[in-house]
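Please take the sequence and the model together and follow the chain through its loops, its sheets and the surroundings of its ligand.

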Amino acid sequence: MSTVFKPIAPTATVSDAGPSQGARAPSGGSEDTSVPSVGVMSDAGPSQGAKAPSGGSEDTSVPSVGVGIVLAEPRGFCAGVDRAIEIVERALHKFGRPIYVRHEIVHNTYVVSDLKAKGAIFIEDLSDVPPGATLVFSAHGVSRAVHEEARARGFKIFDATCPLVTKVHVEVAKLHKEGFEFIMIGHKGHPEVEGTMGQLDSGIHLVESVADVAKVQPSQTDKLAVVTQTTLSVDDAAEITAAIRSRFPKVREPKQQDICYATQNRQDAVKVMSPQVDIVIVVGSPTSSNSNRLREVARKLGTESYMVDSADELQAAWFEGRQRVGLTAGASAPDVLVQQVVERLRALGAVSVHTLQGTQETIKFPLPKGLKLANEQD
Ligand code: SF4
C-alpha cells in the first residue's frame, strides 16, 4: 500500500518521537486535551478493521509509528439532530410511507438520502403535499405563515424544530408583545433565519456582518433586542454583537446566548485540536451552517482545513507530508461518515487514531406527542 503521508523513521519510539516530528506544539492546551507528545498516537496500528473511531485513547503503551488521526470531541450529531431524525423514522414506522418533510430534515446529504430510501419525501412547498398526509417540519424551524398554512391544509403535523430554535421563536414572540424590535444576526436565506424572522410580520432586521450593523434602520431604539441564528461562529457573533451594542447602547442581549451548546462545543473542540494537527477535515454537507463554521474556525487558527460530504471527496494531495490529521464533524453529520473517512485515511497510510478529551454532552430532547411506538408505555 502506498502512503501519501510523510514517512517517519520506523525505529521511532515513544521516547524519541517528540513534537519535532512535524506536529505543532499545543497552544497552551491542558494535558487533558493535548495529543500525546509522540509523533504518533496509540490505539490503532494499521488494522483495516471497522474500529469505531470514537473509542478514545488514553493508552499510550503501543509505541506505533506512522501518521495519526486526531478526533475532536465532541463532534457529529447533536441532540436536536438526533431528535429530528428520530421523529421522521418513527413517523415512517407508525404511519407508513410516504412521510412528507418540509425542507431537508437536517442539512446532510447522507441523512436525507437514507430517509428518502426509507420513504420520506422532502418538499419545499406545502402545495406539493397531498391532503391528509403526514408532514414533518425540519429541525431548522418554520415561519408562522408556514405553520398556519400547514394547519389550514389539514396535515397531520409533527414539528422537528430543534427546541433550542423554538426557544428563540418564543423569546421573539414574547419581546414583540412588549414592543421590542429585533436585530437578528444570521445568514440570509438559511431556513432557520427565515423561520425566526417569520415569527413576526415586521420589525426584525437581519445583519450578516459588522458592516451591516451601520445600515440597520429600526423605527425606534428604546426597545431593541438581539437574536442570533443558533449555528453561527461564536467569535463572529460576539464581534457583530459588540458593533450593535456600540451603535445601540440600550440594546437588549439574550440572557443566554442563542448560539446553541452543540455549535459552541464543536467550535471549542476545533480550537483545541487545530494547533495540534497539520490539517483539519470537517465532515459535513455544504449546506450545513455549523459544519462550515468549523472549517472557518480551523482556518482562522492558521490550520489548513477542508470540508467533505463523504470520504470519496478526500484528495490524497491534501495529506502529502502531513503527520497529524484532525477530524471533526458538523452537528448533522452521522458517525458512519467519520468512520469512512478514518478508513480512507488509513488506506492513505494513517496508522493510528486518538480522540481528544472534550465536553461530554448528555442533552436529550423529548419527542413530540403521538410518536410512541406500539411496544412503548405512555
Ligand atoms: Fe439544535 Fe444546535 Fe443541533 Fe441546531 S445544532 S439542531 S440548534 S442543538
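Pro98 is placed in the loop between H1 and S2, where helices (H or I, at least four residues) and strands (E, at least two) are DSSP runs, numbered from the N terminus. The peptide bond that joins Arg97 and Pro98 is cis, with omega at about -5°. A cis peptide bond also joins Glu73 and Pro74, and its omega is about 0°; Pro74 belongs to the loop between S1 and H1. A further backbone feature is found at His103, which is not a glycine and yet has a positive phi of about 70°; His103 sits in the loop between S2 and H2. Residues are numbered from 1 along each chain as its sequence is written. The model is predicted, and local features need pLDDT of at least 70, side-chain atom pairs count only at pLDDT 80 or more, while totals for chains, interfaces and linings use all residues.

Together with helix H2 (residues 109-118), S2 and S3 make a right-handed β-α-β unit, right-handed meaning that, with the strands pointing away from the viewer, the path from the first strand over the helix to the second runs clockwise.

Strands of a sheet pair through backbone hydrogen bonds, either parallel or antiparallel. An open sheet of five strands has the order S10-S9-S11-S1-S12, with parallel pairing. Its edge strands are strand S10 (304-308) and strand S12 (350-355), each of which pairs on one side only. Neighbouring strands of this sheet are turned by 25° against each other on average, direction ignored; for such angles, axes are lines fitted to C-alpha atoms, for helices over the stretch in contact, and angles run from 0 to 180 degrees between N-to-C directions. Inside the sheet, strand S9 (residues 279-283) and strand S11 (residues 324-329) pair in the parallel sense over five bridges, and Gly326 in S11 is the bridge partner of Val280. H8 packs on the sheet, touching strand S1 (67-71), S9 and S11, and its direction makes about 180° with that of S11; contact here requires that the C-beta atoms of two residues, placed from the backbone, lie within 7 Å. Helix H10 (residues 335-347) also packs on the sheet, touching S1, S9, S10, S11 and S12, and its direction makes about 165° with that of S11.

Strand S6 (residues 181-185) runs parallel to S7 and is joined to S7 by four bridges, with Ile183 opposite His205 in S7.

Which residues come nearest to the ligand? Of the 15 residues around the ligand, these are Cys78, Gly80, Cys162, Thr230 and Cys260, a residue being near if its C-beta atom, placed from the backbone, lies within 6 Å. Helix H1 (79-95), helix H4 (163-177) and helix H8 (261-273) are the elements that give two or more residues to this shell, and the largest share, three residues, comes from H1. By class, the shell has 10 nonpolar, five polar and no charged residues, where Ala, Val, Leu, Ile, Met, Phe, Trp, Tyr, Cys and Pro count as nonpolar, Asp, Glu, Lys and Arg as charged, and the others, Gly among them, as polar. The ligand lies between domain 1 (19-77 + 262-355) and domain 2 (79-162), because both give residues to the shell around the ligand; the domain bounds come from an automatic or database domain assignment.

Terms used
Pairing = 2+ DSSP bridges.
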